[in-house]
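Dear colleague,

Please find below the structure that I am handing over to you, together with its sequence. My findings follow directly after it.

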Amino acid sequence: MKLVDLSTYTSIKIGPSLHVQIIEEPLHVENFILGGGNNILVSPNPPKMAMLGRVFNFLHVKKNLLHIGAATPSGKILSYAKKHDIKNFELMQKLPGTLGGMIKMNAGLKEWEIFNNLVAIKTEHGWCAKKDIKFGYRHTNIKGTIYEATFEIHKGFDTTLLEMFKLLRDNQPKLPSAGSCFKNPPHNFAGKLLDESGLKGFKVGDMAFCETHANFLVNLGNGTFEEAMELINIAKKRVFEKSEIELELEIKIVGQLN
Ligand SMILES: Cc1cc2nc3c(=O)[nH]c(=O)nc-3n(C[C@H](O)[C@H](O)[C@H](O)COP(=O)(O)OP(=O)(O)OC[C@H]3O[C@@H](n4cnc5c(N)ncnc54)[C@H](O)[C@@H]3O)c2cc1C
């Protein structure tokens, strides 16, 4: 067990301190799996949590496939790809998270997604090929805990693409957030819908939809779970009233209010 203060660990800087189970071998785990905490909003009453131990933080090549442990942070994967001239990992530039969280969320930007280059994942049920996983925009049907994954190796790390990701992400707000709050609805943009509903810069307490990027729910200092939930509910209601579009959350709400 390890004591984790979620108000400093998570990127949105909200959540209580709790004892988290550390997983050292690929077992079935009932508890909520905490990755890097970059896509979650945790309530003051969280479920029991577990996180992967250091043994799952690795990269190595075996039989022409790149094996990566699910606790490996994106920055380490990107550095490895750059050093060994491997392409298709450029999207990890300034994309915060661990491999497990990135695969579970099918993280990415525009047409670049973590699944593009994925071969298989290993969970407590064994290896599972990409063709047997249902995945789409910021969604997968993966059950269980991801411990490791394999990727194709193609030479040619693309520094131009890296620069493009850097520029795109440099425009993202620097204030604490959990990334995009809502998914983009088909043929539309959540940020545009929020802006059109007058929610850009809209605040409840110390939480706000960012002035520069309406779809980022940001913590202005001492923001709380309750304030974040109030904003989310206001946004869903207002956007539906204005556009008849039901916004779907991209960030994961973990735990209940009471
Ligand atoms: C500033 C900022 C910018 C961002 N930009 C982007 C972006 O451009 N594109 C994008 O897609 N996302 C973006 N995000 C969101 C975030 O980076 C991704 O969702 C990332 O994949 C989260 O990884 P994590 O390890 O932090 O997961 P967490 O937030 O800890 O967890 C996310 C989900 O994954 C599950 N999970 C974590 N590890 C495992 C595992 N080993 N096995 C099974 N399930 C697991 C958790 O239970 C949870 O359901 C951004 C976030 C921030 C703060």
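The centres of domain 1 and domain 3, taken over C-alpha atoms, are separated by 23 Å. Please bear in mind throughout that this is a predicted model.

**Domains and their contact**

The domain assignment of the chain gives domain 1 as residues 2–54, domain 2 as residues 57–168 and domain 3 as residues 174–254. The contact between domain 1 and domain 3 takes 14 residues from domain 1 and 13 residues from domain 3. On the side of domain 1 that touches domain 3, strand β4 (residues 40–42) gives the most, with 3 residues. By class, that side of domain 1 has 9 nonpolar, 4 polar and 1 charged residues.

Lys 252 also deserves a mention. Lys 252 is placed in strand β18 and touches Asn 39 and Ile 40, not counting residues up to four places away in sequence. Lys 192 is 60 residues from Lys 252 in sequence, and the two are 21 Å apart in space, C-alpha to C-alpha.

In soluble globular proteins, nonpolar side chains tend to be buried together. The largest nonpolar core of this model has 33 residues, and those with the most contacts inside it are Met 51, Ala 70, Ile 77, Phe 89, Leu 99, Ile 103 and Ala 149. Two or more residues of this core come from each of β2 (17–23), β5 (49–52), β7 (65–69), α2 (74–83), α3, β10 (118–123) and β14 (148–152). Helix α3 provides the largest share of this core, 4 residues. Domain 1 (2–54) and domain 2 (57–168) each contribute at least three residues to this core. Apart from this core lies another one, of 30 residues, which includes Ile 14, Val 42, Leu 217 and Leu 231.

Leu 99 touches Ile 68, Gly 69, Ala 70, Thr 72, Ile 77 and Ala 149, leaving aside residues up to four places away in sequence. Ile 103 lies in helix α3 and, with residues up to four places away in sequence again left out, touches Ile 114, Ile 121, Thr 140, Ile 146 and Ala 149. Ile 103 has 23 other C-beta atoms within 10 Å and is therefore buried, the threshold being 20 or more. Ile 146 is 43 residues from Ile 103 in sequence, yet the C-alpha atoms of the two are 8.2 Å apart.

**Surroundings of the ligand**

Which residues come nearest to the ligand? Of the 32 residues around the ligand, these are Gly 35, Gly 97, Gly 100, Gly 101 and Gly 179. At least two residues of the shell are supplied by each of β3 (32–33), α3 (99–105) and β8 (108–109), and α3 gives the largest share, 5 residues. By class, the shell has 14 nonpolar, 15 polar and 3 charged residues.

Gly 97 is also a contact of Ser 74, which touches Met 92, Leu 95, Pro 96 and Met 102 as well, not counting residues up to four places away in sequence. Ser 74 lies in helix α2 and counts as buried, because it has 23 C-beta neighbours inside 10 Å. The C-alpha atoms of Ser 74 and Glu 124, 50 residues apart along the chain, are separated by 22 Å.

Helix α4 is hardly covered, as 1 of its 12 residues is buried.

Most residues other than glycine have a negative phi. His 187, however, has a positive phi near 60°. His 187 is found in the loop between α4 and α5 (190–196) and counts as exposed, because it has 5 C-beta neighbours inside 10 Å. Glu 244 likewise has a positive phi, of about 55°, although it is not a glycine. Glu 244 is found in the loop between α6 (225–243) and β18 (252–254), and it is exposed, with 7 other C-beta atoms within 10 Å.

With kind regards

Conventions. Residues numbered from 1 in each chain as written. Predicted model: local features only at pLDDT ≥ 70, side-chain atom pairs only at ≥ 80, totals over all residues. Near = placed C-beta within 6 Å. Nonpolar A, V, L, I, M, F, W, Y, C, P; charged D, E, K, R; others polar. Core = buried A, V, L, I, M, F, W, Y, C linked by C-beta atoms within 7 Å. Domains from an automatic or database assignment. Contact = placed C-beta atoms within 7 Å.
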